[in-house]
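Please look at the sequence and model first.

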Amino acid sequence: MTLSAPITQDVHTIPRKLPEGPVNLVGLTRDQMREAFVTAGTPDRQAKMRVNQVWQWVYHWGVRDFTQMTNLAKDYRALLARHFVVEIPEIVSRQVSSDGTRKYLVRIAGGHEVETVYIPEEDRGTLCVSSQVGCTLTCSFCHTGTQKLVRNLTAGEIVGQILLARDDLGEWPVPGAPKDETRLLSNIVLMGMGEPLYNFDSVRDAMRIAMDGEGIALSRRRITLSTSGVVPEIARTATEIGCNLAVSFHATTDEVRDVLVPINKKWNIATLLDALREYPNLSNSERITFEYVMLDGVNDTDEDARRLVKLIEGIPAKINLIPFNEWPGAPYRRSSNNRIRTFADIIYKAGYASPIRTPRGEDIMAACGQLKSATERARKSRAQIAAEAGVTQA
């Protein structure tokens, strides 16, 4: 097959007008919640205390009914109920894979849908969170990339995915019960639908809520944000969120990456790597993860492996090799197991960790690159999708 670069979608998004009515507390930062409480009639001197109380009820105990917030006076609970709600996105459907992976189809305001995936492992439980409905980036190997961007998610819709997964896992603590340090949901990866750095403010606020020690209390090292290479926002990820960074890299030449990850035409490999070399707090203990999907005959040669090692020289990094997860009409094939192992061995011998990701949830279309809201799944022929992806099939 031959490759030619597709046209990328416009990345401009129109701000969403929020509905009238009670204010949803989910997704508000502490400062925003305090301001909202004062505006609703909370005495200024009490506002910080009230924020602390409500915050713990919502994010530590998982309570969404003000009448159950028993350390608040009845008249204050009534005030809250008049002005506010505690609402999270709705689970439309829930599928469980044979390997235990759970995929949620989630409905947000306006009737739009996104997908969220929970992946259980022996030593952790990872939630793959979406940040946009659809995606701007049209990455040709990604199912989500065949769905045009609808809108950005709000901070409440992003953190709401964490809350609904904890609901489903039954992970909220019970008042008076012995403290249980086991975390079924221990890690978050912003690798679902959308490009997180094109929705930076909402992603930042949602992750700050997730990291807050009085609520969900996840360590910043338990959160990984994956970007396709939005260079101007990369440094902000370190300074304003502080989480781990992963980069959807997938190619070792601009010619190939222009097709696989079209944002490369705006910020090419050299520009992206320069930004990564300057990433704050880089060290061997806080490495950048390079994600590399293995596509048969496209990016999987020994020469690609050697070029990859040369490109990332000097960057504390590991390379996650991802066997391509096929989806209906996909214009690519997965590299053979032998080819992937040989590729990994070249990287490993050069001194970089090169784990091969085990596909999870393939039987329910929950694996990496397969997410797409059910109502938007395109009924297109393989030839149509290949043409849109810029791939000419032999």
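Two strands pair if DSSP finds at least two bridges between them; helices (H or I, at least four residues) and strands (E, at least two) are DSSP runs, numbered from the N terminus. The model is predicted, so local features need pLDDT of at least 70 and side-chain atom pairs count only at pLDDT 80 or more, while totals for chains, interfaces and linings use all residues. Residues are numbered from 1 along each chain as its sequence is written, and side-chain values use heavy atoms, with hydrogens and water left out.

**Strands β13 and β14**

Seven bridges join β13 (residues 288-294) to β14 in the parallel sense. Within β14, N320 is the bridge partner of E291. From β13 the chain passes through helix α9 (residues 302-311) to β14, a right-handed β-α-β crossover (with the strands pointing away from the viewer, the path from the first strand over the helix to the second runs clockwise). Six of the seven residues of β14 (residues 317-323) are buried, where buried means under 20% relative accessible area, exposed over 50%, and partly exposed in between (1.4 Å probe, protein chains only).

**Cysteines**

UniProt, in an unreviewed entry, lists C135, C139 and C142 under "binding site"; such annotations may be inferred rather than shown by experiment. C135 lies in the loop between β8 (132-133) and β9 (151-152), and C142 is also in the loop between β8 and β9.

| Cysteine | Relative accessible area | Class |
|---|---|---|
| C128 | 10% | buried |
| C135 | 8% | buried |
| C142 | 16% | buried |
| C243 | 4% | buried |

The structure has zero disulfides, a disulfide being a pair of cysteine sulfur atoms within 2.5 Å.
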